[in-house]
Amino acid sequence: MASQGLCPLIKNILLLDSEGKRVAVKYYSDDWPTNHSKLAFEKFVFSKTFKTNARTEAEVTLLENNIIIYKFVQDLHFFVTGGDDENELILASVLQGFFDAVTLLLRSNVDKREALENLDLILLCLDEIVDGGMILETNGPLIAEKVTSHSLDADAPLSEQTLTQAWATAREHLTRTLLK
């Protein structure tokens with residue numbers, strides 16, 4: 001799935017916890033066809049990077065013919081993977097955009113608990129950044145703005161809401177019903 005110089009492609013974006021377990025992941029490549037192979041890749045990447053000091057700025061590594069850009073914040077590990085022929089600066093801009101958007105969405109409280117409580121926003125964030133491996137947006141504040149504009153329209157009919165919005169609306173209605 002090489003980009004052949006036309007458009008850089010992202011193979012996956014991973015958000016793992018401090019033990020290497022999934023918080024939020026999106027795969028855009030067929031390099032890992034099964035869930036087992038995806039989990040094995042995540043474990044491999046985590047084991048090769050967790051001892052590094054990628055807390056102040058992003059680090060770059062080449063593992064199994066993949067360029068991986070990564071950054072750690074508190075108990076979250078952010079990863080962006082591209083092919084070995086991709087431009088590291090472009091991959092780094094995707095990582096920085098993802099990180100900036102998540103930081104804004106979580107109100108600078110970037111940790112696992114907060115991320116899990118706002119998983120719907122993080123998954124929407126991933127959808128705003130990359131579609132089918134193609135980069136759509138790398139500007140963190142713009143990504144966060146698009147995500148929050150999606151989640152603000154809870155009064156729209158269920159047929160016009162995304163699945164995440166529909167779940168949030170259903171949860172609100174259930175909570176209101178139980179509190180009466």
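Helix α2 is followed by arginine 107, whose phi is positive, near 55°. Helices here are DSSP runs of H or I with at least four residues, strands are runs of E with at least two, and both are numbered from the N terminus. The model is a predicted one, in which local features need pLDDT of at least 70 and side-chain atom pairs count only at pLDDT 80 or more, while totals for chains, interfaces and linings use all residues. Residues are numbered from 1 along each chain as its sequence is written, and side-chain values use heavy atoms, with hydrogens and water left out.

Two further residues share this topic of positive phi. Serine 108, in the loop between α2 and α3 (112-117), has a positive phi of about 65° although it is not a glycine. Asparagine 65, in the loop between β3 (59-63) and β4, has a phi near 60°. Serine 108 is exposed, with a relative accessible area of 59%, and asparagine 65 is exposed at 54%; exposed means over 50% relative accessible area, buried under 20%, and partly exposed in between, with a 1.4 Å probe and protein chains only.

The 18 residues of α2 should span 26 Å at 1.5 Å a residue, and its end C-alpha atoms are 26 Å apart, which agrees; the expected span is 1.5 Å times one less than the number of residues. At the N-terminal end, asparagine 87 caps α2, with a side-chain oxygen 2.7 Å from the backbone nitrogen of leucine 89. Buried residues of α2 include Leu91, Val94, Leu95, Phe98 and Phe99.

A nonpolar core is a set of buried Ala, Val, Leu, Ile, Met, Phe, Trp, Tyr and Cys residues joined through side-chain atoms within 4.5 Å. In soluble globular proteins, nonpolar side chains tend to be buried together. Of the 33 residues in this core, Ile10, Ile13, Leu15, Phe78, Phe98, Cys125 and Ile129 touch the most other members. Phenylalanine 98 touches Ile13, Leu15, Phe78, Ile122, Cys125, Leu126 and Ile129, not counting residues up to four places away in sequence; such contact means heavy atoms within 4.5 Å. Apart from this core lies another, of 14 residues, among them Val25, Val45, Ile68 and Phe72.

Aromatic rings come next. Rings of Phe, Tyr and Trp (its six-membered ring) pair if their centres lie within 6.5 Å, with planes under 30 degrees apart counted as stacked, over 60 as edge-to-face and the rest as tilted. By this rule there are eight aromatic pairs. Elsewhere, ring pairs link Tyr27, Trp32 and Phe41 into a cluster.

Leaving aside neighbours within four places in sequence, aspartate 17 is in contact with Val23, Phe46, Asp75, His77 and Lys112.

Technical notes
Polar contact = N/O pair within 3.5 Å; in protein donor to acceptor, adjacent residues only side chain to side chain.
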